[in-house]
Amino acid sequence: MSAPPGSLLPMKNALTVDVEDYFQVSALAPLIHRRSWDERECRVERNVERLLEMFAERHAHATFFTLGWVAERYPGLIQRIVAAGHELASHGYGHLRASEQAPQEFREDVLRAKQLLEDLGGQPVIGYRAPSFSIGHSNPWAFDVLLESGYRYSSSVYPVRHDHYGMPDAPRFPYQVRPGLTEIPVTTARVLGRNLPAGGGGYFRLAPYGLSRWALRRVNNIDRRPAIFYFHPWEIDPEQPRVPGTGLKTRFRHYVNLDKTESRLGRLLRDFRWGRVDEVFGLQH
Ligand SMILES: [Zn+2]
């Protein structure tokens, strides 16, 4: 764990970024064919550059769960992430949900991403996060594939109730899902017998900032555990092209408060101490 017993410093939490572009989001997938990805205006590089600046200003380190597709196109960005002292981890190659792949396809996707990221970053990649937290009761074999592919931890379960993802009965804190493979679930706050999302995502943009701060402090002070928080580079980009044809719910979830997220993130960086997943959860070699 990050802070030794008796330390006067507050606990360090793990900051994570899912490195993908606005047109790769699962909720928009029915409207955007993956064949069109190559023709879209890419904004991920400039958005990640902005995050790197913000993290450097606050001396914060983070874990970047990066798509192989992005790494292939922006090798310089991968090198800058590593050079700044952040952890490079895998979000798979092509942003396919684990639950929509056969085991062999999943294996190829996670191996391809790992090899690419290791070649470009020059460091071992031990962490994986499934797109849309898509490992659950229907596909526990995915953990075996991750272990066989050389990963040592996964952060692919969000123990909440949500229409697109979530496994509300899963453990709230890191656990050995297989010998040699740790699952690090995204943080929830336990309130009145229910798990509330406290680790980012749409909730961070939709609800007032004070609620996120309260929930994270509750996990640190009452559960006495470090939190793991996530967001996407497109969430600080109010200028991103709008995707036509989205339904009301998706439009609300994807676009609301994009103009406020950068300043909220600034507050989050000030209000807590942040580190890499492998550091905060003791998974360094
Ligand atoms: Zn994703």
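This report covers a helix contact, aromatic ring pairs and charges over rings in a predicted model.

## Helix 4 and helix 5

Helix 4 (residues 103-121) and helix 5 (residues 141-148) have axes that come within 10 Å and cross at roughly 40°. The crossing of helix 4 with helix 5 is right-handed.

On the helix 4 side, the contact is made by P103, F106, R107 and V110, which meet W141, A142, V145, L146 and E148 of helix 5. By type, the residues of this contact are seven nonpolar, no polar and two charged.

## Aromatic pairs

The whole structure holds 16 aromatic pairs. In one of them, the ring centres of F65 and Y153 are 6.4 Å apart and the planes stand at 80°, so the pair is edge-to-face. F65 belongs to strand 2 (residues 63-66) and Y153 to strand 5 (residues 153-154), so that the pair links distant parts of the chain, 88 residues apart. Both F65 and Y153 are buried.

F106 and W141 also form an edge-to-face pair, with 5.7 Å centre to centre and 80° between the planes. This pair links helix 4 to helix 5 across 35 residues of the chain. F106 has 0% relative accessibility and therefore counts as buried, whereas W141, with a relative accessible area of 24%, is partly exposed.

Elsewhere, F204, Y209, F229, F272 and W274 are linked by ring pairs into a cluster.

## Charges over rings

R73 lies over the face of W69, at 3.8 Å from the ring centre. R112 lies over the face of Y93, at 3.5 Å from the ring centre.

Conventions: Residues numbered from 1 in each chain as written. Predicted model: local features only at pLDDT ≥ 70, side-chain atom pairs only at ≥ 80, totals over all residues. Heavy atoms only, no water. Axes fitted to C-alpha atoms, helices over the stretch in contact; angles between N-to-C directions. Helix = DSSP H or I, 4+ residues; strand = E, 2+ residues; numbered from the N terminus. Left-handed = near helix turned anticlockwise from the far one by under 90°. Contact = heavy atoms within 4.5 Å. Nonpolar A, V, L, I, M, F, W, Y, C, P; charged D, E, K, R; others polar. Phe/Tyr/Trp six-rings, centres within 6.5 Å; stacked < 30°, edge-to-face > 60°. Buried < 20%, exposed > 50% of the residue type's maximum accessible area, 1.4 Å probe, protein only. Lys NZ or Arg CZ within 6 Å of the ring centre and 35° of its normal.
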